[in-house]
Amino acid sequence: MDWWRSLRTQETTHSRFIGMLSLTVLTLVITFFLPPVADSQLAGGAAIAIVVLGLSWLTGWSGQISLGNSGFMAVGAYAAGIWAHHHTSTPLVFTLILALVVGGISGLIIAIPSTRLRGPYLAGMTLAFSAAVTPLAQNFSSVTGGEGGLFFNSLVTPKWFLHLFSGPYAAINANAQWSADLAVVVAGVMFFFMANLFHSRTGRAMRLVRDNDVAAELMGVNLARARTSAFVVSAAFAGIGGALYSLLQASVRPETFPIGLSITLLTLMVLGGIGTLSGAVIGGIIYSFSTNLVAHVNSLTGVNPTSNVGANMQGMIFSVLLIVTMLFAPRGIVSLKTPLRRLFRARPLAPAAKEVH
Amino acid sequence: MFKGRLRRTMTLLSVSALALGMVSTGLLTGSANAANSTPGVTANSITIGATVPLSGLAATYAPVSAAANAVFTWVNKHGGVNGRKIKFIRLDDCYNLAAYGLGCTAGASVTTLSQTQVLVAQDHVFATVGSLGTAAQDSVLSYLKTNGVPQLFVNSGSIDWNQPSKYPSLFGYQPSYVAEGKIFAKYIKANDVGQTIGFIGQNDDFGTNGLLGLQDGGLNLLPANTLTYNAADGITGSSADLIADIGTLQKNGVQVVVLDAVPGFTNGFLTIAKAFGYSPKWIISSVGSAPDLVNNASEASAITTDYFPEITTTSDPWVPWVRKVLRADTADASYFPGLTATSPLTGNEFYGAGWAVAFVEALKAEGKNVTRAGIVKSMLSTTFATPSITPLKYSKTNHQGMQGGAIAIIAYNGGKVPFKALELSHTVFTTGGTKSSPITVTSHFIINPIPSWLK
């Protein structure tokens, strides 16, 4: 059990807790000022951010690559969906925890063979997993509902929350915002756990595993176990993120989790910044508002949306964004916070330092 | 040092410009609608919406909503309905498959639910009218019900739309796949006595409802000859299911095959069967038999059902009317390529024009005071006059829509556009919404007169 104990952070968690709490509350306040459609988009983004964070942990901290996280999302989503299908009155929290656990278990099953593989072989193995999930869901239709999938009851706005709204569209606006707030709170909790994990002994050991596995073994880190646990955590995050995403969509279907989603998750992680909390947040935001961007670029350039160019607009925007980010900020958009900080802080203090050109 | 800072500043600028672009388009289109007792309704306008595939895998259905829009444009040009102009918002949901790409232009994070949220929470539509797709519309049942938005004329033959006790403001449009299956069963029992019957269905409501209909109609199918295929194989490009299904039926000596597949797969099955030297009698669902889309000569003489006038007919006044209305809507002309004053119409165009006419009639019947409860009442009591040759009628216990169809034969007439030829007897089969509803046979299909105010 020393593995479990090592998850507990050695440092004080108070500052992290307060930081995460204030960020979550700030986001909740923001949702009050967003129009309902933006709220719904934000909710989806929060769910995706959780998944990206799990992937970020796996890649950024343990140095393993996974193209299987859309599969883990599907596992979590189906666990929640199948449970909710048979037990309609189960509290949401329980359904989400179930998705987390089942996602983690699926991660463990995949990790046992996977952790023997490295680099492209590992990517191939996890890709095979995510490719297998969709046909499984389609063909066991008595359990999974086949291609039609399963349906959740849509989220019901509590009465007290509804009272905060007025006007003819009160119910609709409240409903959209309730789902956004719910997703933000779940994301806040998950981000807090991950922040702790980053700073725990396991987190530090994981970085050593990533950078130099021989050194890690010399330090007494069990490589196989460290890599496996990284997978389990990543899959658990994907599981709860997938379940949350499906809850927001009110349905779980095989079509929601194509292999391409794994690639999208990878792109979002790289864009935001690998191995960081804020990188995952940025990834989630990009995901949720990318639709607006596509529509905006289409209308700006006057491209016919049904033409070949229009059809590939999203891909083009993502690749341009990826290339620009890789060129100028290889560590992701999040690495831009350093020059930002310098811009605001350093200038009045540092006229003395003469720059050499 | 300077270079580094410039570099970072450049990135920061471009990224924040992109981010701003993203957020502003989402945020600045907030709610500016005037407060009104009924969402989407003002003194001189009514806003309705639909989520439809305009791009991606199912974009072949795009002319459906375009034809409907042409009808609304026509009605608006002639004064609107009770003084109100109809504003019809079509949003692309890529058949709820946007995550796959597949040429979808709406963005990967678009779903049917997210687009429906835009219609309801941003555009404040009065109702969704003519949204398309079984799985797509299933995914928004709960959301629309929770928010009290009527879901009218769902474009799908699933029996999911006929649940009046659970979803009182949900209405289907086309005959159910169950009804079609029952009609096929009746046809087979009369025409294919002693033959071995097989079935291939899409692995979702389409296939399972169709099979249910065959069984309700009293047809005995051996489990070994009752097969399915996965529509998602179309996405991965695998035809393994198709080959296996055809191989099995051929081996089992099946002489009559009932096929519930979408047009692309109908073509796939016909092609594979031809390659195998297997030529059973094909009985193909109206959804998957559209000869202009299947475009495979093996389909000639296949049996199907139809619920619209023959495209070559001269006796039905709706044919020239629909053509006239579509040609008048120049804004949507790209959806009706090659449409001339004499060219044949497609099934999609009839289909869309049909429900648009029906909606306009229900709205007109509701009178000047338009409410959501009122339109539901009006849907139940209106006697619709639409281009359909089979009755479109709703009741308190049946929200399905059209209640049957006529048997048609696919005709490939030497190089011209293939079409569905209605059987010479012009028999129309109708049935109710429940398992035990009998099939009523009427001797001649309906030609509704065009209401004078639509002319």
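1. The expected span of a helix is taken as 1.5 Å times one less than its number of residues. In this predicted model, helix H12 of chain A, residues 223–249, can be judged by that standard: its 27 residues reach 39 Å from the first C-alpha to the last, close to the 39 Å expected.

2. How many residues of H12(A) are buried? Of its 27 residues, 23 are buried, so H12(A) is largely enclosed by the rest of the structure. A residue counts as buried here if 20 or more other C-beta atoms lie within 10 Å of its own. The helix is followed by A:Ala250, which has a positive phi, near 65 degrees.

3. Helix H14 of chain A covers residues 277–301 and has 25 residues. From first C-alpha to last it reaches 34 Å, close to the 36 Å expected at 1.5 Å a residue.

4. H4(A) contributes A:Ser70, A:Gly71, A:Ala74, A:Val75 and A:Tyr78 to the contact, while H6(A) contributes A:Phe129, A:Ser130, A:Val133 and A:Ala137. Sorted by class, the contact comprises 6 nonpolar and 3 polar residues, with no charged residues.

5. Turning to chain B, two domains are assigned: domain 1 consists of 35–175 + 313–402, and domain 2 of 177–306. Taken over C-alpha atoms, the centres of domain 1 and domain 2 of chain B are separated by 29 Å. Their contact involves 12 residues from domain 1 of chain B and 13 residues from domain 2 of chain B. On the side of domain 1 of chain B that touches domain 2 of chain B, there are 5 nonpolar, 6 polar and 1 charged residues.

6. Where is B:Pro344 found? This proline lies in the loop between helix H13 (318–328) and helix H14 (347–366) of chain B. B:Pro344 has 17 other C-beta atoms within 10 Å; because a residue is buried at 20 or more and exposed at 12 or fewer, B:Pro344 is classed as partly exposed. B:Pro344 and B:Thr313 are 31 residues apart in sequence, and their C-alpha atoms are 9.3 Å apart in space.

Methods. Residues are numbered from 1 along each chain as its sequence is written. Chains are lettered from A and ligands numbered from 1 in the order in which they are written. This is a predicted model: local features need pLDDT of at least 70, side-chain atom pairs count only at pLDDT 80 or more; totals for chains, interfaces and linings use all residues. Two residues are in contact if their C-beta atoms, placed from the backbone, lie within 7 Å. Helices (H or I, at least four residues) and strands (E, at least two) are DSSP runs, numbered from the N terminus. Ala, Val, Leu, Ile, Met, Phe, Trp, Tyr, Cys and Pro count as nonpolar, Asp, Glu, Lys and Arg as charged, and the others, Gly among them, as polar. Domain bounds come from an automatic or database domain assignment.
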